[in-house]
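Q: I'm new to this one and would like a close look at a single part of it. Could you walk me through a sheet, and then the rings elsewhere?

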Amino acid sequence: SPWRPSVLLLSLPAFSTTCARCAKDRRLRQKRSISERQLTRYFVDQRKVRVVGGQGGEGGHSFHSEPRKVFGGPDGGNGGDGGHVIFKADQQMKSLSSVFPFYQGFHGERGGSKNCYGANGAHVYVKVPVGTLVKEDGRVVADLTQHGEEYIAAHGGAGGKGNRFFLSNENRAPKSFTPGEPGQERFLHLELKTTAHAGLVGFPNAGKSSLLRAISRAKPAVAAYPFTTLNPHVGVVHYQDYEQVAVADIPGLIKGAHQNRGLGVAFLKHIERCRFLLYVVDLSVPQPWIQLQDLKRELEAYEKGLSERPRVVVGNKIDLAQSRINLPLLRERVAERVIALSAMTGDNLEELLLHLRELYDTYVKTEQSRGQSPVKW
């Protein structure tokens, strides 16, 4: 038999290690965790948007022709309508940061021969958070408060007419057709008002962020200086029967907030959508009941009746000695229920969670008695 050279089989690697592009580790990497400082940059509660509907397709221009049918007549179909730009409320969206400044619907196609109509342009759906107000020239034109609710921001233009449309006894061979109409163009202002069941209201450094961290999985920034929280945070409290109560941490208010002092009315508007309020008071300061009076005065000056919503007073920092002295004095001077706790150590958080559930159940029953559906998370 003829001599055959032996073949040495080598185990080659799955990919080349000489190519820098192929030599990279191809394992799926986990997304890098975003710090709290970076997260605050992504929260946007106002956005100006220019929306333009898609242009309608022009009408077709053709004449039918086939054997033994010399004068087939016009058969140009109409053009397709342009697509709309539609705002759609989505519960998964929590900020307007993903909304672009310009949207345009898709254009309709041109009408074809044989009386074929052009295809309509596809609609462009823009997902916005629940609780988004749509304003035009300072006037509210839409309020998207329910998941899945839609608003047509810009209508698409109507398609043009083909020459078949102009057929008449006087004109048996029309050559005229119309172009598609342009889409509607509008300049809109989107404004987000956080939709939550409960709102934490208090002065800076009262412990609102620490309290939200203690009762939910939210991770707002916590530090020993005022105005640590610059953007609203929403935490969800989970109960054993799978009910979820959303609690919003509103940035700290100061005297004159309704006159746009401090963080101003930019965050007072987020309290409007809260169904009940949790007044967080620092028990360690002298005369903590003064804080409660100032908070009510600011809310009432911003919107009449806002401070009278279902509420409870949360006395924070009960782990301090001065707080235990001020607690009975506070209960003597306020008519609301006072729940003393410590967000830092976790003392008496159970009482707050139970009362929070009572406020939520009362809200659900009230909405159902009115024939309305309560907000669910």
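Which residue in E7 does Val85 stand opposite?

A: Keep in mind that this is a predicted model. Val85 stands opposite Ala154 in E7. That pairing belongs to the link between strand E2, residues 85-90, and E7: 4 bridges join the two, and they run antiparallel.

On to the rings. The structure has 3 aromatic pairs. One of them is Phe100 with Tyr103, a tilted pair at 6.1 Å centre to centre with 55 degrees between the planes. Phe100 is exposed, because its relative accessible area is 54%, over the 50% cut-off. Tyr103, on the other hand, is buried, because its 13% is under 20%.

Another of the pairs is Tyr360 with Tyr363, also tilted, at 6.4 Å centre to centre and 50 degrees between the planes. These two sit 3 residues apart in helix H6 (residues 349-369), so about one helical turn separates them. Both Tyr360 and Tyr363 are buried.

The charged end of Lys161 sits over the ring of Phe165, 5.1 Å from its centre. Arg333 lies over the face of Trp289, 4.2 Å from the ring centre.

Technical notes
Residues are numbered from 1 along each chain as its sequence is written. This is a predicted model: local features need pLDDT of at least 70, side-chain atom pairs count only at pLDDT 80 or more; totals for chains, interfaces and linings use all residues. Side-chain values use heavy atoms; hydrogens and water are left out. Two strands pair if DSSP finds at least two bridges between them. Rings of Phe, Tyr and Trp (its six-membered ring) pair if their centres lie within 6.5 Å; planes under 30 degrees apart count as stacked, over 60 as edge-to-face and the rest as tilted. Buried means under 20% relative accessible area, exposed over 50%, partly exposed in between (1.4 Å probe, protein chains only). A charge sits over a ring if NZ of Lys or CZ of Arg is within 6 Å of the ring centre and within 35 degrees of the ring normal.
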